[in-house]
Amino acid sequence: MSQPARALPRLYLFAISHYCEKARWALERAGIAHTCVSVVPGAHTRLAKRLGVPERTVPILVLGDGVAIQGSAKIAAWAATHAPSALPLGDPGVEARLDRVLGAHVTLYYYSEALVEHPKTVRPIFVSGLGLLPRLMFWAAWSQVQRAMIEGMQLSEAQWAASRAAIMTELDWLDALLGDGRAWLGGERPGREDIAAASLLAPLVLPPEHPIYGTLVLPPRVGADCAAWRERPSFALVRRLYREHRHAHPAHAVA
């Protein structure tokens, strides 16, 4: 008999978030049944407070017993305890660097142009997976959300340039790792490092297998950079991982 949906772990997420994508991918790869719950941006801070987690961020995985696990790295590590062969970790330092440096700068690089200069392209993505009432609530609060994000992340032209330089350094590093002939960052088979790299770079690579990134229109300068980076080994790795190892995304409930 299948497990009732209400007893499944619940993964609270933003559909656009590449860190949420990493957590969701890890759970799916480990074969852990769960329910995805799209959260209204802004409301996620109240959710995090209610769940008693230390940060005001998603993803948050709430287990059937009420225990909450916050952050893609901790969620992936928890998933790996249930299916170690599906989520091997060759070098913890690689995964940590991807999370800490590359993932953070992809966010700042994209939003410093998209949210500041082309906000109309961003707003529809935030409501993906939300029901009618949460959508209306988000539309009404959009100007406050936009302002809070710009101020909170200190988005600017200078931030865009700094994050672009950091991303190029990280791509050089990844390309060098792949330059020794290995098939995957984790070794002979895809591991947590590979899932991290693919998830965190997906907003720039735009793999068609992803329901959000596959249709995302990048702002002009980011788009030009990504076109120039397309043939890099790191970008090729992301495309191959999505093509060969990404399953269909589950339907989302709405918080």
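1. Lysine 22 is buried, with a relative accessible area of 1%, where buried means under 20% relative accessible area, exposed means over 50%, and partly exposed lies in between (1.4 Å probe, protein chains only). The model is a predicted one, in which local features need pLDDT of at least 70 and side-chain atom pairs count only at pLDDT 80 or more, while totals for chains, interfaces and linings use all residues. Residues are numbered from 1 along each chain as its sequence is written, and side-chain values use heavy atoms, with hydrogens and water left out.

2. The side chains of lysine 22 and aspartate 99 meet in a salt bridge, with N and O 2.8 Å apart; the term stands for a side-chain nitrogen of Lys or Arg within 4 Å of a carboxyl oxygen of Asp or Glu. This pair links distant parts of the chain, since lysine 22 belongs to helix 1 and aspartate 99 to helix 4, 77 residues apart. Helices (H or I, at least four residues) and strands (E, at least two) are DSSP runs, numbered from the N terminus. Aspartate 99 is buried, as is lysine 22.

3. Because glutamate 95 lies in helix 4 (residues 92–117) and lysine 22 in helix 1 (residues 18–29), the pair ties together parts that are 73 residues apart in sequence. Glutamate 95 is itself buried, with a relative accessible area of 5%.

4. Glutamate 95 also forms a salt bridge with arginine 192, and the closest N and O atoms of that pair are 3.2 Å apart. Arginine 192 lies in helix 8 (residues 192–205) and glutamate 95 in helix 4, so parts that are 97 residues apart in sequence are tied together. Both arginine 192 and glutamate 95 are buried.

5. Helix 4 deserves a careful look along its length. At 1.5 Å a residue its 26 residues should span 38 Å, and its end C-alpha atoms are 37 Å apart, which agrees; the expected span is 1.5 Å times one less than the number of residues. The N-terminal end of helix 4 is capped by aspartate 91, with a side-chain oxygen 2.9 Å from the backbone nitrogen of glycine 93.

6. How do strand 1 and strand 2 pair, in the parallel or the antiparallel sense? Strand 1 (residues 10–13) and strand 2 (residues 35–38) pair in the parallel sense over 4 bridges, and two strands count as paired if DSSP finds at least two bridges between them. Threonine 35 in strand 2 is the bridge partner of arginine 10. The chain crosses from strand 1 through helix 1 to strand 2 in a β-α-β crossover that is right-handed, a word used when, with the strands pointing away from the viewer, the path from the first strand over the helix to the second runs clockwise.

7. Strand 1 is also joined by 3 bridges to strand 3 (residues 60–62), and these two run antiparallel. In strand 3, arginine 10 has valine 62 as its bridge partner. The peptide bond from valine 58 to proline 59 is cis, with omega near 15 degrees, and proline 59 is found in the loop between helix 2 (44–51) and strand 3.

8. Glutamine 154 has a positive phi of about 55 degrees although it is not a glycine; its place is in the loop between helix 6 (132–153) and helix 7 (157–178), and glutamine 154 is exposed, with a relative accessible area of 60%. Leucine 206, also not a glycine, has a positive phi of about 60 degrees; leucine 206 sits in the loop between helix 8 and helix 9 (220–229) and is partly exposed, with a relative accessible area of 23%.

9. Leucine 218 is found in the loop between helix 8 and helix 9 and is buried, with a relative accessible area of 15%. The C-alpha atoms of leucine 218 and leucine 204 are separated by 7.9 Å, the two residues being 14 residues apart along the chain.

Technical notes: Polar contact = N/O pair within 3.5 Å; in protein donor to acceptor, adjacent residues only side chain to side chain.
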